[in-house]
Amino acid sequence: LEHKSNQLAHALVAQGIGRGDRVATAFERSVELIVAQMAILKVGAVFVPIDPAYPEARQAHIYQDSGAKLMVCQHAQTLAVAQLCLAEFEYSQFSSDALVTQQQSLDDLAYIIYTSGTTGKPKGVQVSHRAINRLVKHTDFCQLDTTTRFLQLLSPAFDGAVFEIWATLANGGCLVFYPGNYIEVDKLQTVIEREQINM
């Protein structure tokens with residue numbers, strides 16, 4: 001994870017991505033999603049999660065409204081924007097060494113999440129590194145540590161997924177991805193028992 005996210009971070013720099021730039025991500029629940037988010041944060045950029053199942057018009061609105069310069073995705077999307085697709089990405093072409101970048105501030109943006117759009121067009125909510133840190137470290141509402149086994153269940157484009165992912169990773173826990181796009185009650189119970197999920 002560390003090596004792949006470093007390699008992708010170097011690729012992003014080669015594409016001209018730097019501190020404060022917006023980078024859209026279009027992934028289902030997957031390791032590649034985590035690699036992409038880590039790489040974007042490592043270059044000091046801001047990730048903008050887009051559900052690849054969204055209608056193209058909604059994807060286009062989020063991409064344009066956020067000011068994204070690039071979309072990192074698992075597979076090519078129909079959206080006519082600059083894309084870096086990990087299914088075709090040659091990790092070995094880039095260094096796995098950590099980037100040397102300008103120091104970031106806790107007040108720098110980490111991500112922009114878009115609302116459901118019940119009032120019309122979805123609106124972006126900007127979230128800083130400080131806000132994520134406050135949410136996932138030294139919590140008093142649940143126990144998060146190396147024994148945590150968290151089921152990543154939500155769409156990456158839903159704000160709650162940030163807690164699932166970063167509360168687990170920031171505390172040394174194990175993140176388990178729910179397989180498939182649709183949640184089935186019987187399957188969910190099987191996954192919880194088999195993977196010994198405790199969060």
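This report covers the aromatic pairs and ring-facing charges of a predicted model.

## Basis

The model is predicted: local features need pLDDT of at least 70, side-chain atom pairs count only at pLDDT 80 or more, and totals for chains, interfaces and linings use all residues. Residues are numbered from 1 along each chain as its sequence is written, and side-chain values use heavy atoms, without hydrogens and water.

## Aromatic pairs

The whole structure holds five aromatic pairs. Rings of Phe, Tyr and Trp (its six-membered ring) pair if their centres lie within 6.5 Å; planes under 30 degrees apart count as stacked, over 60 as edge-to-face and the rest as tilted.

F47 and Y111 are stacked, 5.3 Å centre to centre with 10° between the planes. This pair links distant parts of the chain: F47 sits in strand 2 (residues 46-49) and Y111 in strand 5 (residues 109-114), 64 residues apart. Strands are DSSP runs of E, at least two residues; helices are runs of H or I, at least four; both are numbered from the N terminus. Both F47 and Y111 are buried (under 20% relative accessible area; exposed is over 50%, partly exposed in between; 1.4 Å probe, protein chains only).

F150 and F163 have ring centres 5.8 Å apart and planes at 75°, so they pair edge-to-face. F150 belongs to strand 7 (residues 149-152), F163 to helix 5 (residues 160-169). F150 is buried at 7% relative accessible area. F163 is buried too, at 16%.

## Cluster and charges

F89, Y91 and F94 form one aromatic cluster. K4 lies over the face of Y91, 4.9 Å from the ring centre. R58 lies over the face of Y54, at 4.5 Å. A charge sits over a ring if NZ of Lys or CZ of Arg is within 6 Å of the ring centre and within 35 degrees of the ring normal.
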